[in-house]
Amino acid sequence: MSGHSKWHNIKLKKGKVDGQRGALFTKLSKEIILAAKNGSSDPEANYRLKMAVDKARANNMPQDNIKRAIARGSGADNEKTIEELRYEGYGPANIAVIVEAATDNRNRTASELRFLFSRNDGALGEAGSVGWIFEQHGVIEVDPQKLSEDELTEKALVDGVIDVRFGEPAEVVTEPAKLMAVKDELEAAGLRVLTAQLAMEAKQTSRPAGEDTNKVLTFLDALEEHEDVQRVFSNADFDEAALEALLS
């Protein structure tokens, strides 16, 4: 499990995640808009849209909001166009970071992200500056329920699966093109899928130590809280016991 995913899941477990539902709905809407813009407006014919709609429903987003987002992505209104952008750079402790954003004002977003990087001892880079450190995979979070690691692995090892990482939640890593097929097979096998998405995973990681741990986590949290940021990926890895201690 990636370092920042560990941090997020520990915060959830300890009830330390802020309930910013309005901000969450905005991010979910943007993902639906982008998915509908780049493919069919029918979730059954557009797996990215289906994943976005499923995630929105899992977070209790009203159906009317979902319909409006699909309509906007399909060009059924006259609102500003949302575009998808990717930023790369280095953060504190020289960690590599990829930021996926959705915005109607690329100049504003670039300026604000550049400021966030610089104030946290980092710097935005050119396209491709850190991308070589990452590769795209499908990542499915599942509830292990009462299964042992061996039992979960046996259920989850289906065609298209690259790795199974036991934990709470567990992660099933897939080939990108097999993400939805694997998700369907896991659900058919009785596993409860929590999330399913395409993610950038680091091929080589970096473990911040001492005060750098707090600096890196503060920086990654600040990025994720930005209204235009959809996803943040980094090669930072953390000791889980140290993360637990930070929230104790």
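Predicted model: local features only at pLDDT ≥ 70, side-chain atom pairs only at ≥ 80, totals over all residues.
**Helix α7**

I took helix α7 as residues 179-188 and listed its buried residues: Leu-179, Met-180, Val-182, Lys-183 and Leu-186. Looking down the axis of α7, I found these buried residues within an arc of 160°, so they line one face of the helix. Then I looked up their partners. Just after α7 I noted Gly-190, with a positive phi of about 95°.

**His-137**

Next I went to strand β4, residues 134-143, where His-137 sits. Is His-137 buried or exposed? Its relative accessible area is 11%; the cut-off for buried is under 20%, so I put His-137 down as buried. I searched for a polar partner of the His-137 side chain and found the side chain of Glu-201 at 3.3 Å. Leaving out residues up to four places away in sequence, I have His-137 touching Ile-162, Val-173, Thr-174, Pro-176, Gln-197, Leu-198, Ala-199 and Glu-201.

In soluble globular proteins, nonpolar side chains tend to be buried together. I looked for such groups here. The largest nonpolar core has 19 residues, and Val-97, Val-99 and Leu-223 touch the most other members. Elements giving two or more residues to this core are β1 (83-90), β2 (96-103), α5 (106-119), α8 (211-225) and β8 (229-234). Helix α8 supplies the largest share, five residues. I then checked Val-99. Beyond its neighbours within four places in sequence, Val-99 contacts Leu-85, Arg-86, Tyr-87, Leu-113, Phe-117, Leu-223, Val-229 and Arg-231. I also found a second, separate core of 18 residues; among them are Val-158, Val-161, Ala-170 and Leu-179. Leu-179 is also on my list of buried α7 residues.

**Backbone**

Most residues other than glycine have a negative phi, and most peptide bonds are trans. I looked for exceptions.

- Glu-168 and Pro-169 are joined by a cis peptide bond, with omega about 0°. I placed Pro-169 in the loop between β5 and β6.
- Asp-121 is not a glycine, yet its phi is positive, about 60°. I placed Asp-121 in the loop between α5 and β3 (123-124). Asp-121 is exposed, at 59% relative accessible area.
- Gln-145 also has a positive phi, near 50°. I placed Gln-145 in the loop between β4 and α6. At 45% relative accessibility, I recorded Gln-145 as partly exposed.

Methods: Residues numbered from 1 in each chain as written. Heavy atoms only, no water. Helix = DSSP H or I, 4+ residues; strand = E, 2+ residues; numbered from the N terminus. Buried < 20%, exposed > 50% of the residue type's maximum accessible area, 1.4 Å probe, protein only. Polar contact = N/O pair within 3.5 Å; in protein donor to acceptor, adjacent residues only side chain to side chain. Contact = heavy atoms within 4.5 Å. Core = buried A, V, L, I, M, F, W, Y, C linked by side-chain atoms within 4.5 Å. Arc of directions from axis to C-beta.
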